[in-house]
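Subject: Structure handover

Hello,

Here is the structure I promised to pass on. Please open it alongside this note.

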Amino acid sequence: MNENETRSKDELSFRENMQNATGNVLSSFDKKRNLIGFWILGLCNNFAYVIMLSAAHDILKEQEKGAEVHHNETTTTEPVDEHYMQCNEISTGAILLADILPTLIIKLTAPFYIHHISYRVRVAIVVLFNLSSFLLVGFSVGIWMSILGVVCASICGGLGEVTYMSLSAFFDRNVISTYSSGTGGAGVFGALSYAGLTSAGLSPRNTLFVMTIIPVTMAISYFGILKKPDNMYTKTVTDGTSDDTTALLDDSKEVSTKIDLSLKDRLRLLRPLLKYMIPLILVYFAEYFINQGLMEILYFNNISWSISEQYRWYQVDYQLGVFISRSSVNFFEVKRLWVLPIIQFINLGILLTQVFYRYIPNIAIIFVIIFFEGLLGGAAFVNTFYQISKEIRAEYREYSLGAATIADSFGISVAGAVSIPSHNHICSLHLKVM
């Protein structure tokens, strides 16, 4: 019997064991429930992050208003020459660190201990941190409390993404598409709902209290909507003796089963994941260098919108691109992941040179580029995890999907570290603006 025949029999045996473990095959209705449930989980997991950061900014401004008034009364303001670039220096302050570091630390360490915590407990922790972020910023009486709210949102986002990506291994792989779509929708719907409620007359604080419905919805989605398979609770033990990393890759379509991996297995599994993670890191680096370092200074003086209005619409444009592409994997699948960072760095190059030379004459062209930037970022995210779900062997899929989530946060963190001094340096050059 040749190797291929042996492998086919092993895969058939694995599928039969899986059917015995999971019981009846899910009905069409239950599959739809799971797709909807994962979409809601993605939406709620990122919604707190989007809403709470905007509100934290508003409340911080409110808390510092008195100091600002005093400063304005005791100092004179120099006239601004609109022919030269106007921008605010981006500080390496506590808000940025509170936003990035908790998520990065969780995603970096969680794959090595998170398997000891049940999914029920993990989701409960995510829900509590989600709720805490809204309440802490809503009841904030000082900068420290607002920053603590940002930390809670960051923990919620990081732990939630590791948890839900790992959880997806036990379901049809299309839940990755709907989860990713939900995370993209959080950017669009989160920004619009916050802006809509505050524009309607609600204060930022009261808007946050209204948004406590989000963690409740997350809990309902996991505990009430998802039809969870029995194999989530049935463990298989591996002795960690295999050293063949190529054996970790497999194009079979069965769902995952619960498996205990040794520390040696977990470390060995990281190497074959690099081909998925490195393109995602590079895409997110270029994407967030644009977002954090360039977007604020890509404005035009020769239109009716203010600088802040242009920036807000750039953000909506970007989030719309992310939402569309994160929802697209079932219609347009990208298998050559390395192409995406190449194109994203071209976008970065175009927008960086635009800051210096102002050769693009119309803001509409910038909108197209930023929309395309969002499309590439969303496509990189959803296709990376979709490819992992297809190509990594089922028994290693849960761990692999969770471990790979470090890639986007790592890219964002490095982009933040590089873009802040770059932005400040560009601001100091006093470049001319159209």
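Below is what was found in it, from the whole chain down to single residues.

First, the ground rules. This is a predicted model, so local features need pLDDT of at least 70 and side-chain atom pairs count only at pLDDT 80 or more, while totals for chains, interfaces and linings use all residues. Numbering runs from 1 along each chain as its sequence is written, and side-chain values use heavy atoms, with hydrogens and water left out.

**Overall**

The chain has 15 helices and two strands. These are DSSP runs numbered from the N terminus: helices are H or I with at least four residues, strands are E with at least two. Of the 434 residues, 50% are buried. Buried means under 20% relative accessible area, exposed means over 50%, and partly exposed lies in between (1.4 Å probe, protein chains only). Take the contacts between residues at least 6 apart in sequence: 86% of them join residues at least 24 apart. A contact means heavy atoms within 4.5 Å. The accessible surface comes to about 20,200 Å², and carbon and sulfur atoms hold 64% of that. Areas come from the Shrake-Rupley method with a 1.4 Å probe; for residues, only the protein chains shown count as cover.

**Core**

The largest nonpolar core contains 98 residues. Such a core is a set of buried Ala, Val, Leu, Ile, Met, Phe, Trp, Tyr and Cys residues joined through side-chain atoms within 4.5 Å. Leu294, Tyr314 and Phe385 have the most contacts inside it. Helix 10 gives the most to this core, with 13 residues.

**Surface**

Helix 10 (residues 263-294) also gives the most to a nonpolar surface patch, with three residues. The patch is formed by Leu274, Ile278, Leu282 and Phe345. Leu274 lies in helix 10 and is partly exposed, at 41% relative accessible area.

**Cysteines**

How many disulfides are there? The count is zero, with a disulfide taken as a pair of cysteine sulfur atoms within 2.5 Å. For Cys152, the nearest cysteine sulfur is that of Cys156, 9.1 Å away. That is too far for a bond. Both residues are buried: Cys152 has a relative accessible area of 7%, and Cys156 has 0%.

Best wishes

Note on methods: Patches are made of residues with over 30% relative accessible area and no salt bridge: like charges are joined within 9 Å, nonpolar side chains (Val, Leu, Ile, Met, Phe, Trp, Tyr) within 5 Å. A salt bridge is a side-chain nitrogen of Lys or Arg within 4 Å of a carboxyl oxygen of Asp or Glu.
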